[in-house]
Amino acid sequence: MSEQQKVILSVKNLKTYFDVTKGIFTKKQIVKAVDDVSFDVYENETFGLVGESGCGKTTLGRTIVKLYEPESGSIEFEGQDIARLKGNQLISFRKDMQMIFQDPYASLNPRMTVGEIIKEPMIIHNIYNTDAEREQRVVELLKIVGLKPDHIRRYPAEFSGGQRQRIGIARALAVNPKFIVCDEPISALDVSIQAQVVNLLKDIQKEMGLSYLFIAHDLSMVKHISDRIGVMYLGHMVEMGPANDVYHRPLHPYTTALLSAIPIPDPDVAKNKQRIVLGGEVPSPINPPKGCPFCTRCTKATERCNNERPEPIQVGTRIVACHLYER
Ligand code: SF4
């Protein structure tokens, strides 16, 4: 990112923990879903967040939109600590920061028409004065997301998964947000539809000057849409940097393993590709390893890795948390 680009979202040392203790006589059990994560997102940028399921990326996204309370750390949006927002400031934050959900089937109310679904946030945030103005905006939004104006009176059940996700995108855009957390918006869709939705999000970003936090487990799709990528493992950010660098020259052993698992459509190229199969189990976030979170599965782990947690350090364009890169 260039020096002039303004930070819109700044996350510092964020921890989101959940108490999952069962019964009053059992030992306290805390899931460390997000554990000491820091990163910035710039205006008009897409920051992609990848990792296997259970790595904490969705919890991180939900903490940022204030669906979960963090244990500690800070989240600043346009320079304001969101934990301190109250009254009108909080309402305005909710308008500026929207979310697109993973499941286009569950995230739309089946009893509401498409028009009612998209109008609802406009009514909550008091954006237009009359219903006619809101209706006109719904029609515009339907066109922007590639649906037809006459879809306004239909119900979600009448649409395919890709079309429902387009309705979800229109609903997020209804309040003219500045930032959208896209929580695995393509993972429930057919592969043939995924690229269409990603391209739509890219076009909308260019037109409206939005910033995205784009969460997914498919690194190739994340690379396609993102300016920078952050790789999460067991609640930690293990590598972060420009999308091209992370994708073509991964530093962290976990990123290398994730990339090696991406299928290659060309059989000749695929034949010569070495796939890294990760051994060992993903440790429980209730009882994570004392040292590097990846030490139980890393082929390069040493004794030090088992005992000492690596701090994130700058390596060229990248921030990486791995002892291999410490001098
Ligand atoms: Fe592997 Fe050690 Fe680096 Fe962790 S710190 S990724 S265990 S080499």
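View 1. On a 1 Å grid over the protein atoms alone, a cavity is a set of points where a 1.4 Å probe fits but cannot get out, and its lining residues have an atom within 4 Å of a point. In this predicted model, local features need pLDDT of at least 70 and side-chain atom pairs count only at pLDDT 80 or more, whereas totals for chains, interfaces and linings use all residues. Residues are numbered from 1 along each chain as its sequence is written, and side-chain values use heavy atoms, with hydrogens and water left out. The largest cavity has a volume of about 110 Å³, taken as the space filled by probe spheres set on grid points joined across faces, edges and corners. Among the 14 lining residues, C292, C298, C305, C322 and H323 are the closest to its centre.

**View 2. The ligand in its cavity.** The ligand sits in the largest cavity, in that more than half of its atoms lie within 2 Å of the grid points. Of the 13 residues around the ligand (a heavy atom within 4 Å), C292, C298, C305, C322 and H323 come nearest.

**View 3. Surroundings of L201.** Leaving aside neighbours within four places in sequence, L201 is in contact (heavy atoms within 4.5 Å) with I100, I169, C182, P185, Y212, F214 and I225.

Technical notes. 1 Å grid on protein atoms, 1.4 Å probe; cavity = no way out; pocket = protein on both sides within 12 Å on 5 of 7 lines; lining within 4 Å.
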